[in-house]
Amino acid sequence: MSTSNFTRRYRGPRPLADFVAPGISDLCGRAGFSVVEVVTHWDEIVGPDLAPRCIPLKLQWPREDGAAATLVVRVEGAYAIELQYAAGIVVERINAYFGWRCVGRLTLRQGPVPQRHAPPPVPPKPDKAAIAAVRHEIGSFEDEALAESLAKLGALVRREQRGG
């Protein structure tokens, strides 16, 4: 097999988003979301204070051409007033995120918001003795910051190999 044939067939690992995006797009399209990122990047758009308390349900597009959509959001009862006051800011953030005026207003629906999974816990940092041992093994580097980062990585890898 020649090298040129191999490079044409082998594409390497593909991001998970390449496999998941088509399914999410179909699902979101049925709810009126032509811009899937409203759902997938909701936490980034509305911020950490509001994101766990509300979720986008659907985009309602008006019949007029060029008019902005209404975003229907489910919000927990106690936070509805907070989101109502922040609606202008949320609309502004959504439109800034996409770079065009796709959402003109929010409509709130009170109801339970499903719990999201918490981010994975941050592993504890390796101890200084383990970092020093790895640093001694890897030798000297011109870039001290690189050497320190590699030593920390090496200490973490060793800890995982030993089971904790």
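Helix α5 is followed by G99, whose phi is positive, near 80 degrees. The structure is a predicted model, in which local features need pLDDT of at least 70 and side-chain atom pairs count only at pLDDT 80 or more, while totals for chains, interfaces and linings use all residues. Residues are numbered from 1 along each chain as its sequence is written, and side-chain values use heavy atoms, with hydrogens and water left out.

**The sheet**

Three strands form an open sheet in the order β1-β2-β3, with mixed pairing; two strands pair if DSSP finds at least two bridges between them. Strands β1 (54-60) and β3 (103-110) stand at the edges with a single partner strand each, so one side of each has no neighbour in the sheet. From one strand to the next, the twist averages 25 degrees. Strand β2 (residues 69-75) runs parallel to β3 and is joined to β3 by 7 bridges. R74 has R109 in β3 as its bridge partner. In general, strands of a sheet pair through backbone hydrogen bonds, either parallel or antiparallel.

**Helix α5**

Helix α5 (residues 80-98) lies across β1, β2 and β3 and runs at about 150 degrees to β3. Such angles run from 0 to 180 degrees between N-to-C directions, with axes fitted to C-alpha atoms, for helices over the stretch in contact. At A86, α5 bends by about 60 degrees, the bend being the angle between axes fitted to the seven residues ending there and the seven starting there.

The buried residues of α5 are A80, L83, A86, A87, V90, V91, I94, N95 and F98. Buried means under 20% relative accessible area, exposed means over 50%, and partly exposed lies in between (1.4 Å probe, protein chains only). The cover over these buried residues includes α3 (37-40), α4 (42-46), β1, β2 and β3, where contact means heavy atoms within 4.5 Å.

**Helices α6 and α7**

The axes of α6 and α7 come within 8 Å and cross at roughly 115 degrees. On the α6 side, the residues that meet α7 are A130, I131, V134, R135, E137 and I138. Their counterparts in α7 are E144, A147, E148, L150, A151, K152, G154, A155 and R158.

The salt bridges number 3, each requiring a side-chain nitrogen of Lys or Arg within 4 Å of a carboxyl oxygen of Asp or Glu.

| Salt bridge | Closest N and O atoms |
|---|---|
| R135 and E144 | 2.5 Å |
| R135 and E148 | 3.4 Å |
| R158 and E137 | 2.5 Å |

E148 belongs to helix α7 (residues 144-161) and R135 to helix α6 (residues 128-138), so this pair links distant parts of the chain, 13 residues apart. E137 lies in α6 and R158 in α7, so their pair ties together parts 21 residues apart in sequence. Salt bridges that share partners join R135, E144 and E148 into one network.

How exposed are the residues of these pairs? R135 is partly exposed, with a relative accessible area of 21%. E144, at 46% relative accessibility, is also partly exposed, and E148 is partly exposed at 31%. In the remaining pair, E137 is exposed at 52%, whereas R158 is partly exposed at 25%.

Terms used
Helix = DSSP H or I, 4+ residues; strand = E, 2+ residues; numbered from the N terminus.
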